[in-house]
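Biologist: Here is a model I would like to go through with you. Let us take the terms one by one.

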Amino acid sequence: MRIHDTLSGTEKELQPALAPDGVVRMYVCGVTPYSESHVGHALHAIVFDVLRRYLDWRGIPVKHVQNFTDIDDKLIDRAQRLGIPMQDLAEQNIEDYHRQIAAMNVLPAHEYPKVTETVPHIIDFIMGLIDKGFAYPAGGDVYYRVRVFGGPRYGALSKRDIDDLLSGARIDPTELKEDPLDFALWKAAKPGEPSWPSPWGLGRPGWHIECSAMALHSLGEQIDIHGGGADLIFPHHTNEIAQTEAYTGQAPFARIWMHNALLQLGSEKMSKSLGNFVSISEALEKYGSDALRLFVLTSHYRSPVTYSDDALEAARSGADRLRNAAFVEPTGDLEPASIAGLRERFQEAMDNDLNTPQALAVVFDVAKIVNRDRDQKKNVRPAQALLRELAGVLGLTLSAPESASQEAAPFIDLLVALRTDLRAAKLWALSDRVRDGLAELGVTVKDGPEGTTWTAG
RNA sequence: GGCGCCGUGGCCAAGUGGCAAGGCAGAGCUCUGCAAAAGCUUCACCGCCGGUUCGAAUCCGGCCGGCGCCUCCA
């Protein structure tokens with residue numbers, strides 16, 4: 001398959017994998033767990049989950065590593081304000097993250113490294129950079145020499161000129177940088193901050209070094225795919241390239257840099273620091289997992305999407321349509337309609353830089369065939385099986401609505417049976433009263449040629 | 001200021017040289033006691049202007065209108 005690579009600006013063929021075992025090495029930058037996850041993180045998780053599922057489906061083995069940056073300025077600030085240890089706060093939010101992505105049917109990564117568990121590797125990494133002249137200690141800090149790495153090479157990912165960056169460089173008079181462009185690999189501890197011993201005294205890792213160290217140790221010197229949100233292109237991924245390529249002497253660090261566009265809310269980017277976010281749990285409660293996924297996947301991962309209730313409701317209706325088709329009673333036995341070519345169309349779309357909107361169009365086409373076969377008394381099983389298979393690659397569950405309660409089911413069955421008798425007696429007013437009453441309680445009753453069915457939820 | 005992106009039917013969104021996928025919403029019909037679900041039919045010439053080409057939504061130039069990033073951020 002082909003995936004757009006941010007560094008070259010072109011689509012690149014994914015295979016063959018770099019590693020001799022043929023396993024695709026995929027490192028995805030995860031979250032800084034200082035607060036609840038929002039739907040922007042959901043989009044990110046869904047995009048890489050779909051890539052992962054698709055590779056699985058194609059039989060391409062993949063190792064997916066996603067980190068938690070659990071040492072961070074905001075984490076420290078917030079923990080201090082709450083009066084709890086930084087690690088406790090991080091763990092709470094990491095647990096929340098795992099819960100939310102599980103609720104979205106996101107497959108867990110194979111590894112979830114944390115900075116707090118990587119500090120020794122990070123220190124080794126920084127020492128290596130110092131040895132090679134790419135980094136220098138100053139005070140209790142250690143900085144990376146951007147200009148030694150090289151301007152054009154440093155600006156390549158973000159397509160910027162190093163001298164333009166200079167104007168935006170953050171200048172903190174307490175830092176002892178040789179050059180304003182240099183960035184911190186290690187920060188000396190301030191009073192009250194969590195810290196770790198190092199050759200440069202007590203301190204903690206800077207923001208970018210953890211990912212370089214984790215990727216190196218979990219996946220190796222060169223990897224196939226490095227992913228993350230588009231907001232990480234600069235400075236985070238830019239600095240990762242500088243660190244890793246300087247340390248290993250190997251280039252490129254990642255064959256494909258894959259970035260998802262950011263989710264917008266109204267016209268503003270949804271962001272934790274802007275405080276304008278919708279949490280994942282909120283969205284899931286309102287619309288459900290399949291609707292959220294459908295919303296994300298109806299646009300291409302590199303196009304920004306705007307979160308809105310209208311869009312989510314439309315997605316929910318679409319999800320209902322797919323689910324209905326998946327639950328059509330497979331009673332027909334005439335020769336089924338041909339589904340030839342649909343699987344290929346799906347694969348072609350996905351191969352083309354994960355074109356999920358086109359892939360979804362195929363899924364909807366399959367749903368249409370299911371419904372048509374049903375209406376024509378044909379065997380719907382082949383189309384239905386394909387529907388479930390392809391929807392599954394996209395991580396859609398198409399699961400039946402949650403039954404209100406198992407205890408209620410026999411009573412609902414009884415009411416529905418009673419209503420069937422009323423209908424047989426053509427007592428329409430009474431039968432409608434039963435249906436309306438059940439509807440108010442959240443139970444939908446449908447009369448079909450094969451009898452009456454009901455769903456709750 | 002620098003870099004980049006976008007403008008396709010009522011809404012969302014693919015398509016990036018050969019008569020415009022899909023979803024949601026709407027209309028008509030079919031089925032149905034009614035309803036729901038479903039099927040069939042119907043609904044766009046692609047921001048504006050110019051150019052290249054046998055042919056452009058798709059390439060080039062200009063204009064108008066949105067937006068993102070530029071060291072907190074998926």
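Biologist: Which atoms make the contact between Asp-72 and Lys-74 at the start of H2?

Modeller: A side-chain oxygen of Asp-72 reaches to within 2.7 Å of the backbone nitrogen of Lys-74. A polar contact is a pair of N or O atoms within 3.5 Å, one able to donate a hydrogen and the other to accept it; residues adjacent in sequence count only if both atoms are side-chain atoms.

Biologist: What should I know about the numbers?

Modeller: The model is predicted: local features need pLDDT of at least 70, side-chain atom pairs pLDDT 80 or more, while totals for chains, interfaces and linings use all residues. Residues are numbered from 1 along each chain, chains are lettered from A and ligands numbered from 1 as written, and side-chain values use heavy atoms, without hydrogens and water.

Biologist: Which residues of H2 are buried?

Modeller: Leu-75, Ile-76 and Ala-79. Buried means under 20% relative accessible area (1.4 Å probe, protein chains only).

Biologist: What covers the buried residues of H2?

Modeller: The cover includes helix H3 (86–103) and strand E8 (203–205).

Biologist: What follows H2?

Modeller: Gly-83, with a positive phi near 70°.

Technical notes
Buried means under 20% relative accessible area, exposed over 50%, partly exposed in between (1.4 Å probe, protein chains only). Helices (H or I, at least four residues) and strands (E, at least two) are DSSP runs, numbered from the N terminus. Contact means heavy atoms within 4.5 Å.
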